[in-house]
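Hi everyone, thanks for coming. Please have a look at the sequence and the structure, and then I'll walk you through them.

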Amino acid sequence: MVLGFALILNSILLGIGLAMDAFSVSMANGLNNPGMKLPRMCGIAGIYGCFQTAMPLIGWICVHTIVEYFKVFEKFIPWIALILLAYIGGKMLLEGIKGDEEAEEAASLSLAVLMVQGIATSIDALSVGFTIADYGFVPALIASLIIGVVTFFICMGGLKIGKTFGTKLAGKANILGGVILIGIGLEIFITGVFF
């Protein structure tokens, strides 16, 4: 497939669709830390963008190598996302209820937590490997990179929105952020299992 308008447009649209979970988690993170600086925001959005870039490529590789194993794994994607996001959201919710803001700020946005969030919000992008399976490696790589860039900018917007409302919600931001993450996990689960 030659790099063309259709490839770019499809990749941008895929990126927008795939980035919605990461956008919501970014808003929750912004709510949780309204004083976040631009370099930190870029780092968080970058982690999500990297995962959204890697997952379609991993899916593409699976399609071209171990398709039968990947199809078995695909039914577990909603469960994995639910468990990861419910764990992180539940932790944020409990810390928000306890009022332990300093510990929560340090723990909720640690690299380990951001990596788990990145996996949880991008694991459904593995299935994009099926939709780009007829691409050669270079177009698949370009599509994945576009998806990652789109995710980065959407997450930056989510962080900014979350920061704005986080400043206004002050003490209740941790609770709201936790509820949002649990809700996203439930949405991924219900959509993946029942639809």
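Let's start with what counts as a helix or a strand: both are DSSP runs, numbered from the N terminus, with helices being H or I of at least four residues and strands E of at least two. By that rule, the protein has 9 helices and 0 strands. Before going on, please keep in mind that this is a predicted model, where local features need pLDDT of at least 70, side-chain atom pairs count only at pLDDT 80 or more, and totals for chains, interfaces and linings use all residues. Residues are numbered from 1 along each chain as its sequence is written, and side-chain values use heavy atoms, with hydrogens and water left out.

How much of the protein is buried? Taking buried as under 20% relative accessible area (1.4 Å probe, protein chains only), the figure is 45% of the 195 residues. As for contacts, meaning heavy atoms within 4.5 Å, look at those with a separation of 6 or more: 91% of them join residues 24 or more positions apart.

Now find α1, which has 28 residues. From first C-alpha to last, α1 reaches 39 Å, close to the 40 Å expected at 1.5 Å a residue; that expected span is 1.5 Å times one less than the number of residues. Where does α1 bend? The place is Met-20, with an angle of about 45 degrees, taken between axes fitted to the seven residues ending there and the seven starting there.

Technical notes. Buried means under 20% relative accessible area, exposed over 50%, partly exposed in between (1.4 Å probe, protein chains only).
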